[in-house]
Amino acid sequence: VQRGDLPLRDLIGAFAGEMARGQCFQSRKFACERGRHQRRQAHERGLDFRAQRVLEPRAASPAARLRVVRALADAGVPVGVLLAPMIPALNDHELERLLDAAAGAGATRAAFMLLRLPHELGQLFEQWLREHYPLRADRVLNLLRDSRGGRLNDPRFGHRMRGEGAYARMLSARFQAASRRLGLDQQRRSELDTSQFVRDPQ
């Protein structure tokens, strides 16, 4: 899972290495070779730059993450996107726009994750929320509790990523509908070529 734009540096370095060894004279060949050996998952939080700076101030911008998706897809690397965390009444309104942007950049798969707040993160998140979004705080927290059995976190396997209840079902239905429309609901992963990997003799 990639949150930033470092894959672009890796992509350029790998391409330069292939050229230096005389093994790649056309970008198309590089794309085919690269795509067989790896797949990437890009992490998306939102397209609103101002909100993103409050949520994740030191991370790559939404535009930079989408450039990574485009560059990897153009290089033949299968790319999926993870919309996480989806926060009720804070960034969930961007779900369809995020999927549209990801599909337009070349992603072929998508997944989402409802905000998780294990252990002390619940208290920290509430403090942060009341500082930065005081008018929305109660609504955000109430929707989270409705999706977590009355608590801010539900650690049960099978529930912790998506939640339950009316809001969680609605969010899942929106995601599934948009994913189908955009062709991002591919369940079968592409086969990767592992024949070039060598086991470490140590």
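Visitor: Is His119 buried or exposed?

Guide: Start with the cut-offs: buried means under 20% relative accessible area, exposed over 50%, and partly exposed in between, with a 1.4 Å probe and protein chains only. His119 counts as exposed because its relative accessibility is 76%. Keep in mind that this is a predicted model: local features need pLDDT of at least 70, side-chain atom pairs count only at pLDDT 80 or more, and totals for chains, interfaces and linings use all residues. Residues are numbered from 1 along each chain as its sequence is written, and side-chain values use heavy atoms, with hydrogens and water left out.

Visitor: Where is His119 found?

Guide: Helices (H or I, at least four residues) and strands (E, at least two) are DSSP runs, numbered from the N terminus. His119 sits in the loop between β3 (109-114) and α6 (121-132). Its phi is near 55°, a positive value in a residue other than glycine.

Visitor: What is phi of Ala89?

Guide: Phi of Ala89 is near 60°, again positive in a residue other than glycine. Ala89 belongs to the loop between β2 and α5 (95-105).

Visitor: Which peptide bond is cis?

Guide: Look at the bond from Ala84 to Pro85, which is cis, with omega near -10°. Pro85 is part of strand β2 (residues 79-86).

Visitor: How many helices and strands does the chain have?

Guide: The chain has eight helices and three strands. Along the sequence they follow the pattern α-α-β-α-α-β-α-β-α-α-α. Of the 202 residues, 41% count as buried.

Visitor: What percentage of the contacts join residues at least 24 apart?

Guide: Contact means heavy atoms within 4.5 Å. Take the contacts between residues at least 6 apart in sequence: 71% of them join residues at least 24 apart.

Visitor: How are two packed helices described?

Guide: By the angle between their axes and the distance between the axes. Axes are lines fitted to C-alpha atoms, for helices over the stretch in contact, and angles run from 0 to 180 degrees between N-to-C directions. Angles under 35 degrees count as roughly parallel, over 145 as roughly antiparallel, 65 to 115 as roughly perpendicular and the rest as oblique.

Visitor: Which residues make the contact of α4 with α5?

Guide: From α4 come Leu66, Val69, Arg70 and Ala73, and from α5 come Ala101, Ala102, Gly104 and Ala105. Now sort by class: Ala, Val, Leu, Ile, Met, Phe, Trp, Tyr, Cys and Pro count as nonpolar, Asp, Glu, Lys and Arg as charged, and the others, Gly among them, as polar. This contact has six nonpolar, one polar and one charged residues.

Visitor: At what angle do α5 and α8 cross?

Guide: The axes of α5 and helix α8 (residues 166-182) cross at roughly 25° and come within 10 Å. That makes α5 roughly parallel to α8. The residues of their contact divide into seven nonpolar, one polar and four charged.

Visitor: Are α6 and α7 roughly parallel or roughly antiparallel?

Guide: The axes of α6 and helix α7 (residues 137-147) come within 9 Å and cross at roughly 150°. That makes α6 roughly antiparallel to α7. Phe125, Glu126, Leu129 and Arg130 of α6 meet Ala137, Asp138, Val140, Leu141, Leu144 and Arg145 of α7. By class, there are six nonpolar, no polar and four charged residues.

Visitor: What does Leu141 touch?

Guide: Leave out residues up to four places away in sequence, and Leu141 touches Phe125, Glu126, Leu129, Arg130 and Leu152. Leu141 is buried, with a relative accessible area of 1%. The C-alpha atoms of Leu141 and Phe125 are separated by 9.6 Å, and the two residues are 16 apart along the chain.

Visitor: And Glu126: buried, partly exposed or exposed?

Guide: Glu126 is partly exposed, at 24% relative accessible area. Beyond its neighbours within four places in sequence, Glu126 is in contact with Leu141 and Arg145.
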